[in-house]
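Thank you all for making the time this morning.

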Number of protein chains: 2
Amino acid sequence: MVTLAEVAQHAGVSASTVSYVLSGKRSISTTTRQRVEESIRTLGYHPNAGARALASSRSNIIALMIPLRTDMYVPVMMEIAIAVATTARAHGYDVLLLTGEEGPDAVRRVTGSGLADAMIVMDVELRDERLPLLRGTDRPSVLIGLPADTSGLTCVDLDFRATGALCVEHLASLGHRDIAVIGEAPGVYERHTGFAERTLQGLRGRALELGLRLLHRPCEGGYDAMALTLSRIFDERPGTSGFVVQNEAAVEPLLALLRQQGRAVPEDVSVVAVCPEQVATQASVRLTSVAVPAQEMGRHAVEQLVAKLGGRGSDEVVLLPPELTVRASSGPAPGWAGP
Amino acid sequence: MVTLAEVAQHAGVSASTVSYVLSGKRSISTTTRQRVEESIRTLGYHPNAGARALASSRSNIIALMIPLRTDMYVPVMMEIAIAVATTARAHGYDVLLLTGEEGPDAVRRVTGSGLADAMIVMDVELRDERLPLLRGTDRPSVLIGLPADTSGLTCVDLDFRATGALCVEHLASLGHRDIAVIGEAPGVYERHTGFAERTLQGLRGRALELGLRLLHRPCEGGYDAMALTLSRIFDERPGTSGFVVQNEAAVEPLLALLRQQGRAVPEDVSVVAVCPEQVATQASVRLTSVAVPAQEMGRHAVEQLVAKLGGRGSDEVVLLPPELTVRASSGPAPGWAGP
DNA sequence: CCGGCCTGTCGAAGCGCTTCGACGGAGTAT
DNA sequence: ATACTCCGTCGAAGCGCTTCGACAGGCCGG
């Protein structure tokens, strides 16, 4: 294992000079710098992470807390994680992967041990136990998701309320009057995960404004659960012609069941999904959808953190505007004459 | 930030004593130990990770290299990552998340800087550039996946060859004689990712032994690509009655197209998938499938690594035996009289 | 009763790096 | 020429921990 001292000796300078070449914190003459860089290359030197962390009390590591469960939004999680990792690397940081399993203790451990300089917290619940800890530490953090009280916190999320509104608007503009919402599994609502409730608020609010009827049904993923949910929806509102789906695992079962019941998409019923692009484009019908901008969320979170670590940046809530892409699953309501 | 020295002072002992209480590397009297532990608790002490790494030259971190692309096996990757993270924590390790983006340099950086004590490498290609580096370092590593030459390496993977054989056997036992294989995207084969080729070998080998006809077609995910692939398959082999699918993104499009063409599953055609349980059970038809044991692979990889770090364990290739679960997508071939 | 041997504790020497103050020498202003 | 500044470099002091050797005291067997 090559050390700074060896590089210094090889280049014929002192250790501190090598350190300053590496950090750029003091000016070094071009000739010296080049000689040092040459030595670094020929010796294949890599600074020891532990020593660096100890001396500078900065680890150049960002902790990423991902949810333990894999019952929802798996591709989104993955995409965020990858975006976080690549963006972090571009800024010279590595990423430590923590699962929600440890709960609040993970926050204590990371801040207490100086393992990471900053944290990104995913899957935030409305009154998450980790929030007081995050507020009480001087280590920067960014939440992906929105808790009930965002004071003193930095958050990034899709504007799910606007997303809900957008879906309703789109269906309304096509003449649909009776809309059913296939939501996440009941557990998601019981846990008070913010995004599901905010989407619902957006949906309900705009439906009310536009005078549409809206029926919301949580739904476990899978074919059987979907079958039950769907039959109940049509029992209650036979005239339903528009669907909003916010549950990846329900998308295909819904399409399959509609097809099986002889309801053509988009001729008889329209479907709008809130899901990652990949799901929307690879479904058996190409879905009109609002994409969850996973990559952008991950990237943004890291950039916020880097700014904070650099003394810039501030606490604020960033809600990314939703974008609806029209594909093959939505069309005019049956018998609609147009606007 | 509380330090060892402060704990020592609070407990009225020397710093080394506290260290030995923490590590258990020397015997400490019960009274002293309890006093120290009490101090640790009341002060909320967490050992500084950097200092610990520097002094002991062990970081208690395991690096996990995940593929950058998200074009295949996303839920599997995620499941493995989570299993790795939780298992590692159970053994006192944290997990550093690296993407394939850096390529071989990531290996150099991690080993050179002492950032991690060991590595888990996913998405291994047959002649992966990282392999020589892994062989040449004294840091333990485990591959998830199987390269062409496994000498000097430790690998964990599903036995994809046996998986292929198992799928063919199942279809053969139901009287199917003409089998089509919907594979991963062509790129996956061009990249020479091992698992796809090994599955194919298993399929072909057993088909030959059992006298079945087998047609293999790579396929991009999505509806349109699948439609093209499927029509070509039926053009070439109109009697095809059994499908093996190894491509998550092709599963639903395949089912949708078969349905649309009036071919009932499993009455007219049978489908066997190689995919995660979740995909199999949440598809629009509950799929007979061989599960990719993602969790077990992740867990096993970590345990191998921990054993190696403890001086136990050795280089070996572990191929997990496949298990086929019969669900609703496979049944007797049309017109088959039984065995 | 003494030498040898555990057991439990301590002191001190680093681990490899960052960073602060110091300093020689060149350049600039007086 | 003097006084001053600025630039480039160096030496040394830690950062908080682990770990090695030392040592005091209690126990044993001879």
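What you see is a predicted model, in which local features need pLDDT of at least 70 and side-chain atom pairs count only at pLDDT 80 or more, while totals for chains, interfaces and linings use all residues. Residues are numbered from 1 along each chain as its sequence is written, chains are lettered from A and ligands numbered from 1 in the order in which they are written, and side-chain values use heavy atoms, with hydrogens and water left out.

Let me start with the annotation. Residues 2-56 of chain A are 71% helix and 0% strand, with the end C-alpha atoms 20 Å apart, whereas for residues 3-32 of chain A the figures are 67% helix, 0% strand and 18 Å. Helices here are DSSP runs of H or I with at least four residues, strands are runs of E with at least two, and both are numbered from the N terminus.

How do the axes of H1(A) and H2(A) cross? Helix H1 (residues 4-11) and helix H2 (residues 15-23) of chain A have axes that come within 8 Å and cross at roughly 100°, the axes being lines fitted to C-alpha atoms over the stretch in contact, with angles from 0 to 180 degrees between N-to-C directions. H1(A) and H2(A) are therefore roughly perpendicular, a term that covers 65 to 115 degrees. Leu4(A), Val7(A) and Ala8(A) of H1(A) meet Ala15(A), Val18(A) and Ser19(A) of H2(A), where contact means heavy atoms within 4.5 Å.

Turning to the sheet, 6 strands of chain A form an open, mixed sheet in the order S7-S6-S8-S9-S10-S12, with pairing taken to require at least two DSSP bridges between two strands. Its edge strands are S7 (213-217) and S12 (324-325) of chain A, each of which pairs on one side only. Strand S10 (residues 288-291) of chain A runs antiparallel to S12(A), joined by 2 bridges, and Ser289(A) has Thr325(A) as its bridge partner.

Now to chain B. Is strand S1 (residues 61-66) of chain B enclosed or open? In S1(B), 6 of the 6 residues are buried, so this strand is largely enclosed by the rest of the structure, buried meaning under 20% relative accessible area with a 1.4 Å probe and protein chains only. Ile61(B), Ala63(B) and Met65(B) lie on one side, and Ile62(B), Leu64(B) and Ile66(B) on the other.

S1(B) is joined in the parallel sense to strand S2 (residues 94-99) of chain B by 6 bridges, with Ile66(B) partnered by Thr99(B), and to strand S3 (residues 118-121) of chain B over 4 bridges, also parallel, where Met65(B) stands opposite Val121(B). For S2(B), likewise, 6 of the 6 residues are buried.

Definitions and conventions
Parallel < 35°, antiparallel > 145°, perpendicular 65-115°, else oblique. Buried < 20%, exposed > 50% of the residue type's maximum accessible area, 1.4 Å probe, protein only.
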